[in-house]
Amino acid sequence: MRFTRLRLNGFKSFVDPTELLIADGLTGVVGPNGCGKSNLLEALRWVMGENRPTAMRGGEMEDVIFAGAATRGARHFAEVALSIDNSDRLAPSGFNDADVLEVSRRITRDAGSAYRANGKEVRAKDVQMLFLDASTGAHSPALVRQGQISELINAKPRSRRRVLEEAAGISGLYQRRHEAELRLTAAETNLTRVDDVLEQLA
Ligand code: ATP
């Protein structure tokens, strides 16, 4: 799964529509302090379905919306769109009907986030799974933020294992297992209730 373009509009310091072409061989972003390097990485994570405001260095998710500056008012929404080369049709069914897959996420004040894939509304969960299965999810170790290397060196073995699992592309399986366990527990509870009712009828 190759990312080809990132578009931002109203996301953090990127108040005006901005486009970043992700050319072959791009491995890092350099620039003066405060120019928005980390915001770019956060935009990538965000569009892939990150749902922890703290991972965006904020208190609430709406904090990703441009908050205003001395000469410009705050924006009402933020949008990030990520284009993916899908010419080999590797994206899962439901996503794989075009050469370029564009996944976008938009957040509006007081209305939360909405996701689209090539213009069609999709669920957050489907977007998260799409990237998790491709080993590029919102927590992907391929996106290295400042301080992350030293954190990893000092991390406990369990945390390091999570990084390896993410890189191996099995995090999506853990998510599915968790959901299956929840459904199983609900089914067991229903069975117990059925037993109770049967006992009362007997
Ligand atoms: P450094 O090299 O110092 O880590 P950086 O290039 O990674 O800097 P970022 O942390 O990406 O820079 O960007 C910080 C800038 O983004 C700050 O000027 C901050 O005010 C601005 N910023 C963050 N969130 C918002 C927001 N919601 N609205 C407006 N500006 C924002």
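Two notes on the model come before the layout. Residues are numbered from 1 along each chain as its sequence is written. The model is predicted: local features need pLDDT of at least 70, side-chain atom pairs count only at pLDDT 80 or more, and totals for chains, interfaces and linings use all residues.

Now the layout. The protein has five helices and six strands; helices (H or I, at least four residues) and strands (E, at least two) are DSSP runs, numbered from the N terminus. Along the sequence the pattern is β-β-α-β-β-β-β-α-α-α-α. The C-alpha trace spans about 75 × 40 × 40 Å along its principal axes. Of the 202 residues, 24% count as buried, that is, 20 or more other C-beta atoms lie within 10 Å of the residue's own, with C-beta atoms placed from the backbone. Of the contacts with a separation of 6 or more, 55% are between residues 24 or more positions apart; a contact means C-beta atoms, placed from the backbone, within 7 Å.

Next, the sheet. The six strands form an open sheet in the order β2-β1-β3-β4-β5-β6, with antiparallel pairing; two strands pair if DSSP finds at least two bridges between them. β2 and β6 (120–122) are at the edges with a single partner strand each, so one side of each has no neighbour in the sheet. From one strand to the next the twist averages 25°. β5 (residues 112–117) and β6 run antiparallel and are joined by three bridges. Arg116 is opposite Glu121 in β6.

Angles run from 0 to 180 degrees between N-to-C directions, with axes fitted to C-alpha atoms, for helices over the stretch in contact. In α1 (residues 37–47) the buried residues are Leu40, Glu42, Ala43, Leu44, Arg45, Trp46 and Val47. Their cover includes β1 (2–9), β2 (18–21), β3 (77–85) and β4 (100–108). Gly49 follows α1 and has a positive phi, near 110°. Helix α2 (residues 124–133) lies across β4, β5 and β6, at about 60° to β5.

Last, the ligand. It is surrounded by 15 residues, the closest being Ser13, Asn33, Lys37, Ser38 and Asn39; the criterion is a C-beta atom, placed from the backbone, within 6 Å. By class, this shell has four nonpolar, eight polar and three charged residues.

Definitions and conventions: Nonpolar A, V, L, I, M, F, W, Y, C, P; charged D, E, K, R; others polar. Buried ≥ 20, exposed ≤ 12 C-beta atoms within 10 Å, placed from the backbone. Contact = placed C-beta atoms within 7 Å.
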